[in-house]
Amino acid sequence: MEYNEAIYSFIKKLFLESGLSKRKFAKDHYIEDSTLRDILSKEDYQISLVTIYRICEGENLNPADFFKKVEQMFPQAKPFK
């Protein structure tokens, strides 16, 4: 599994566990609806660091914890080869 895929899967998990609509989740996480749709559905989407930071803010996570959770959920995904 590629690291980007692990990040998208983690964000999808956050979205599904929230029980919110896509629009409400996006608003609560300071991103555009279209950005969330892209994260959830496009395999070749390249998420920006700004988007990750905004999602972290919406989840009350610091970025280090965000990436730690991604790595705990997907230990086979490595950011560097």
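Which residues does Ile-7 touch, not counting residues up to four places away in sequence?

Analyst: Ile-7 touches Ile-52, Phe-66, Phe-67 and Val-70, with residues up to four places away in sequence not counted. Contact here means heavy atoms within 4.5 Å. This is a predicted model, so local features need pLDDT of at least 70 and side-chain atom pairs count only at pLDDT 80 or more, while totals for chains, interfaces and linings use all residues. Residues are numbered from 1 along each chain as its sequence is written, and side-chain values use heavy atoms, with hydrogens and water left out.

Now widen the view to the core. Ile-7 is among the residues with the most contacts inside the largest nonpolar core, along with Ile-11, Ile-39, Ile-47, Ile-55, Phe-66 and Val-70. That core has 23 residues. A nonpolar core is a set of buried Ala, Val, Leu, Ile, Met, Phe, Trp, Tyr and Cys residues joined through side-chain atoms within 4.5 Å. Two or more core residues come from each of α1 (3–18), α2 (22–28), α3 (33–41), α4 (49–59) and α5 (63–73). Helices are DSSP runs (H or I, at least four residues), numbered from the N terminus. α1 gives the largest share of this core, eight residues.

Next, α5. Its buried residues are Pro-63, Phe-66 and Val-70. Seen down the axis of α5, they fall within an arc of 55°, so they line one face of the helix. The arc is taken from the directions from the helix axis to the C-beta atoms. Ala-64 and Gln-72 are exposed on the other side of α5. Buried means under 20% relative accessible area, exposed over 50%, and partly exposed in between (1.4 Å probe, protein chains only). The cover over the buried residues of α5 includes α1 and α4.

Thr-51 belongs to helix α4. Thr-51 has a relative accessible area of 8% and is buried. Beyond its neighbours within four places in sequence, Thr-51 contacts Ile-31, Thr-35 and Ile-39. Ile-39 is also one of the residues with the most contacts inside the core. Thr-35 sits in helix α3. Thr-35 counts as buried, at 15% relative accessibility. Not counting residues up to four places away in sequence, Thr-35 touches Tyr-45 and Thr-51. Thr-35 and Gln-46 are eleven residues apart in sequence and 10 Å apart in space, C-alpha to C-alpha.

Then α2, where Lys-22 lies. Lys-22 is partly exposed, at 40% relative accessible area. Its contacts, leaving aside neighbours within four places in sequence, are Phe-15, Leu-36, Arg-37 and Leu-40. The C-alpha atoms of Lys-22 and Ser-34 are separated by 9.2 Å, though the two are twelve residues apart along the chain.

Last, the largest pocket. Its volume is about 280 Å³. Of its 14 lining residues, the closest to the pocket centre are Asn-4, Glu-5, Tyr-8, Lys-42 and Glu-43. α1 and α3 each give two or more residues to the lining. α1 gives the most, with five residues. The lining divides into four nonpolar, four polar and six charged residues.

Methods
1 Å grid on protein atoms, 1.4 Å probe; cavity = no way out; pocket = protein on both sides within 12 Å on 5 of 7 lines; lining within 4 Å. Points joined across faces, edges and corners; volume = space filled by probe spheres on them. Nonpolar A, V, L, I, M, F, W, Y, C, P; charged D, E, K, R; others polar.
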